[in-house]
Structures are given as C-alpha cells and as structure tokens.
Amino acid sequence: MSKTNKIYNVISSNPKGYYKNITVRGSDDASVTVRVHRFAVVGKGDQIRFGAAGSDKVFVVAKDESEPDIPLTPLFSVDESVSIGKEKFELRIREINSEADMRALEFLEQFHYKTNNSLSEKTQEDDAKSATSSVGGRRAVLYASIKIGERWLPAGYIDLQMPLMMCKPRHEVFNHPFEHPERAIRWERWDQHAMKDYLNTIVRIGRIVVSPELRGLGITRRIIKAAKSFSAERWHIGGMRPIFMEISAEMLNHIDFVSSAGFKFIGKTEGNLSRVLKDMQSMARAPGGEFGMMSLQRKYFRTLEDYCKTLQISFDEGLEALRRKIEQNQNALTTGEWAILRSVIRNPIPYYLCPMDDYTAKYLREALKAHPPTEDSPIESPDFSAKSMQISIDNLSIRAAYRVPETRSTKIIMDAFGLRGDMIYADIVQNVSVKASNGNIIFVVGTSGSGKSVFLNALDPDKTPDGNLTVKRVGSLTHSAGWLRPLRDDIPVFEALAEKFTPEKAFIALSRVGLSEALAFIKPFWMLSRGQQYRAMIADLLLRNEEVWLLDEFCSDLDPITAKIVAHNLRKQIIATGRIAFIAAANHTHYLDALRPTKVLMLRSGDQPAWLSYKEYQNDFLDQVG
C-alpha cells in the first residue's frame, strides 16, 4: 500500500456486539463511518489509511514514518494443531468476528476466576452481561477454537491490554541502556522521560483462559505464540508497535505457564503492603482531599469504609483489622474479615517479560545479567520422581479354587451332567513373567473375566489374595503400589490434597495433570466432571510415594475425547516421574494411541498370556478392530 494514500483521523469508536463502528474524518472535514471487528486495535486519536480501490484492507498509520503501517483488516487468523496420540486436531486462533464468536467468548469467561459467577447468586441481568465489555483501555482478544469431529468448539482465548504504568522489577531491569538497531527506540535509563516515550512499546497479557477439559495439551503455548505474532504485526498504541510482552499474575506464584512460551522471570511487583495503611490513614484525615492517590487507592478506601459501616465499627477499628491482615495474613482474621479486606490488599506477584525480536532477546539476557531479580523464581518444583527400580517376576500364576456345597440344587446339576468331585479349579493367569523399569507403561488387555483385575491385585505387595485364590511366582515384590482412588468429597479438592501434602505441592501436582481452574480447586470431588475427577486422582497419585501405579478399568466411564486427553496427561507424568504403571481396561481402542504403552499383556481365559509391543498390538489387533 502506498503511503501517499489519504489519511483519515479517527474521531470516535462505538462498539456494538461483535463489531464496532469507527467514525473517521479526512482533510476535507467529511466524515465517514467504517465497520470493523469488535476488538480491532483502533480508537479515537488514531489515523488510518484505506487500501487500494476495491480492497478490503485498512491500515493504522505508524507513528514512525520509516515503519510500515499497521494492518487493521482483514481479520487476523492463524492455524495451529494439537496432537493427542496419532490423532491431530485443528486449532484456529483469530480475532472475534461474529455473534457465535462472542457467545463462545462468554462461555470461556466462566473459567476465569475474575469473570466466574458461581460464587454468587446470578440474576438475569448478570447473565446478560459479559465481562469482556467492561475492561477499560485499549485491548484485543484472540479466540481459539478446536475442531473435534465436524464441529468447532471453544478452546480458549487471550486478552491483550495496555501495559502496567508502574512496575518496580521492570523499572530495575530496564535501567540497562537500550538502543534498537531498527526502531527509533532508545534510552539510557528507564526514567520518567523514557517511560513517557516508550511505555507503549510493551503489550500486556491481561488474561489467558483454556477450556478445563482441554488443559494439558499445549494449547496455552500455541495461543501465546499467536498473540506474539499478532502483537508484532497489529498491536499498537498511538501507532507504536510493541517490542516486549509482559504478564503478572498471582497464579504464577504456583503454576509457571509462560516460561515455555519464551517469558523470563524479572522479579515480583511491589504490591501495596508497605503503604496501604498510611494511604488509608491520610485519606481518613481529609476524605475530600487529593493526595496524589491513584483511583485504585480511592477504591480501596471506599471498600474499607463500607466494611466499617456494615459491621458498625469505627474506621480506626477497620484499620486495625487491616493491619492484622498485613502483619499476620489471613490467619489473624475471621472468614468475613478476610473476604472483605483481601480486596484492599495487593500482595507482590511474579512479573515476567518476553522479548519479541532477536535484539530485545539479546538485550533482556544482558539486562538480567546486569540487574538480576532480587527474588528467586517463585516456583520450586517438588520432586515427584520415583527411585531407580526394576520389577522382575517369573511364572506368575493365579488359580481359583471353589468347594462345591452339597445342596439339593448342586446335586441335581451334577447328576444331570455326570459331574464328579467336590472342587472347581480355574487357572486365571498362567505363567506370566513380568519385567519392567522406570517410565514403563504395561497395558493389560483381555475380555471380561480374563483376569485383568486379579493380575493387578497380585502385583500389590500389601494386598492379601482372596481365600479362594492361590498366587505363585518366582521373585519378590519390593515396591510400593498405588491405586487410583476417589478423594474426600466433603471438602474442596485443593484442601483435600493440601492438608496431606502442603498447598505448594498440591498446586504443582494439580497443574501438571491439567487441573488448574481456580473454581475446580474449591469444589468438592463430587462436583467435578468425571474427566476432572480423573485428573484429581492422578494428582493424588503424583503426590504419594508409591513407585508402581495400578490402574484398573482405566477411563471406562469417560467419553472418547476426554479419555484421550486423560491418557495423554497420564503418560507424560509416568515418564516424567519414572513411575512404573500397570493399566488394565477392556474397552480402550479410543485412547490407547494417546497412552502409547511400552508393552501390552494379553490375557485370555484358559490360554497362555501373550506379550506384544504396542506396535505389534496395534497392527495385529487394533487395526483389525478398526
């Protein structure tokens, strides 16, 4: 597009549903209204150019005349994919452009803690509102959908917003001199002049959400990758494109979901612990005055005032409760006090930066070397690994014996068929030799009644065989064995795990199995979906110390897609922690490619067992079934 094309000034922007109308005015003072997609990065004060006649292209004029203009239309869209086993699912990430997209976005919002209404009683008016329309300032939303079968389903979204105004760790690292070789961006120190000129070279991830049932597939990483491409090409403030992307979130204290996408830990934000009491006291002395406070501080003041009025206590008594929360955290407060006063406190939270080109990547490495974070990275990953071990058992045989009672009914049957004797014997498992080591997945298949469950029980050293069973083997069981088991259902899932293993370990384990939705943490086990229950039980297995996992009837009550995802995540954890897993199921063809076992043991009633590699089993049996 030629830069000689006529320039129009944007004089207003009016959002309506999934689109917005912008009114522009040219040099002849004539106004025209242009319809663009809802979160198109354009607003009052920007300048635009239209593409050639007959083209649907619209551009925002770049602030620096030496830089290319910024595409506004057509719609930004990228195609990605995620693989679960041998099946590949298409993933489409694009800007919002239809009523259906807006409904999908509203559906996904319920999975973010700030826009979920499950903790309060909703009204029809609440249902009609979308939090996506309530955030101020420039922003852009990219929506991801995944194709399952013939349908495109909501997968996730990312919300890009304007950068934080004040951020101590960023200020410290940016005090390193910067000069971009291709852009007119340069500072010696990150002082007020540099901030005024170049703060808008940063774009912030305000929110990123992935549908709970799809977590653990790498969708977050793909959405962030698309957001970086979008931001480099289309995000701007006043015609200035970004060169860094930032994110800060409380959840990053517990789950690092951004380092794999290229983000670097810079430090922790200050929060307001050191000054909020002083600010509240100053505002109380002269409530009508201005103290250079930001609107956020005034909001905190009003919250504290309302709290005092509700409890009919003095403002000084409210300040005392606030002081206790700061000094002793929530342990010194009642549940009601904590619920109100936590909204006044901003604790320090992790802050991460991501460079968006080669030069900024080099700069950030050097700056971090010169100005390393004053805090350690917030997450110290607990070690869930099993010790080095092997299982070696020969000639495992399991026989069932049953003494036939001498009753009138049994005598009728025995006489009718000429049966003799008073004992019935059945060889359930015959001469199975088992060899396995760390990271191995042994999948046990067979029809119902072929001995799968009995075989697993025989591998648990803590289980005593049923009185009718005789177990023989060469080799001892020196390992500890863990089974999938339901969690307590009278307390939240997170509490059930945190009580036994510490909150820090519970956070990490739940995130590793793809259960990282805030609301799921505080639900009891019975309120979770079946797929979420499997994830919670696998997290419980991770946190326990058993070296060998025994999973019976695995995924028998899950739909095919959820079963694939659960199997995919389970496989990752077995390999990452070096567990040995024996997994049994009769119906498994829909997810076995996601589990990809090391070996398959086929049990057949009245016949010798057979060992196959996964590939042999797939070629000889699964393909025939399919």
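**Salt bridges, sheet and helix packing**

Glutamate 213 counts as partly exposed, because its relative accessibility is 25% and the class lies between the 20% limit for buried and the 50% limit for exposed residues. The model in which this residue was examined is predicted. Glutamate 213 forms a salt bridge with arginine 535, and the closest N and O atoms of the pair are 3.5 Å apart. Glutamate 213 belongs to the loop between strand S13 (202-210) and helix H5 (219-233), whereas arginine 535 belongs to helix H16, so the pair ties together parts that are 322 residues apart in sequence. Arginine 535 has a relative accessible area of 1% and is therefore buried.

In total, the structure holds 27 salt bridges. Side chains of opposite charge can pair when their charged atoms come close. In another of these bridges, the side chains of aspartate 427 and arginine 399 meet at 2.9 Å, N to O. This pair links distant parts of the chain, with aspartate 427 in strand S18 (residues 423-437) and arginine 399 in strand S17 (residues 390-403), 28 residues apart. Aspartate 427 is partly exposed at 38% relative accessibility, and arginine 399 is partly exposed at 37%.

A salt bridge of 3.3 Å, N to O, is formed by the side chains of glutamate 546 and arginine 544. Glutamate 546 is buried, with a relative accessible area of 16%, and arginine 544 is buried with a value of 7%. Through shared partners, salt bridges join Arg485, Lys500, Asp540, Arg544 and Glu546 into one network.

Helix H13 (residues 493-501) packs against helix H16 (residues 530-543) at an angle of about 5°, and their axes are 11 Å apart. H13 is therefore roughly parallel to H16, because angles under 35 degrees are placed in that class. The contact comprises 6 nonpolar, no polar and 2 charged residues.

An open sheet is formed by 8 strands in the order S7-S8-S9-S10-S13-S14-S16-S15, with mixed pairing. Strands S7 (77-84) and S15 (264-268) each have a single partner strand and stand at the edges, so one side of each is left without a neighbour in the sheet. On average, neighbouring strands of this sheet are turned by 30° against each other, direction ignored. Strands S8 (residues 87-95) and S9 (residues 139-148) run antiparallel and are joined by 5 bridges; leucine 91 stands opposite isoleucine 146 in S9. Helix H17 (residues 560-577) lies across S7, S8 and S9 and runs at about 75° to S7.

Terms used. Residues are numbered from 1 along each chain as its sequence is written. This is a predicted model: local features need pLDDT of at least 70, side-chain atom pairs count only at pLDDT 80 or more; totals for chains, interfaces and linings use all residues. Side-chain values use heavy atoms; hydrogens and water are left out. Two strands pair if DSSP finds at least two bridges between them. Helices (H or I, at least four residues) and strands (E, at least two) are DSSP runs, numbered from the N terminus. Axes are lines fitted to C-alpha atoms, for helices over the stretch in contact, and angles run from 0 to 180 degrees between N-to-C directions. Contact means heavy atoms within 4.5 Å. Angles under 35 degrees count as roughly parallel, over 145 as roughly antiparallel, 65 to 115 as roughly perpendicular and the rest as oblique. Ala, Val, Leu, Ile, Met, Phe, Trp, Tyr, Cys and Pro count as nonpolar, Asp, Glu, Lys and Arg as charged, and the others, Gly among them, as polar. A salt bridge is a side-chain nitrogen of Lys or Arg within 4 Å of a carboxyl oxygen of Asp or Glu. Buried means under 20% relative accessible area, exposed over 50%, partly exposed in between (1.4 Å probe, protein chains only).
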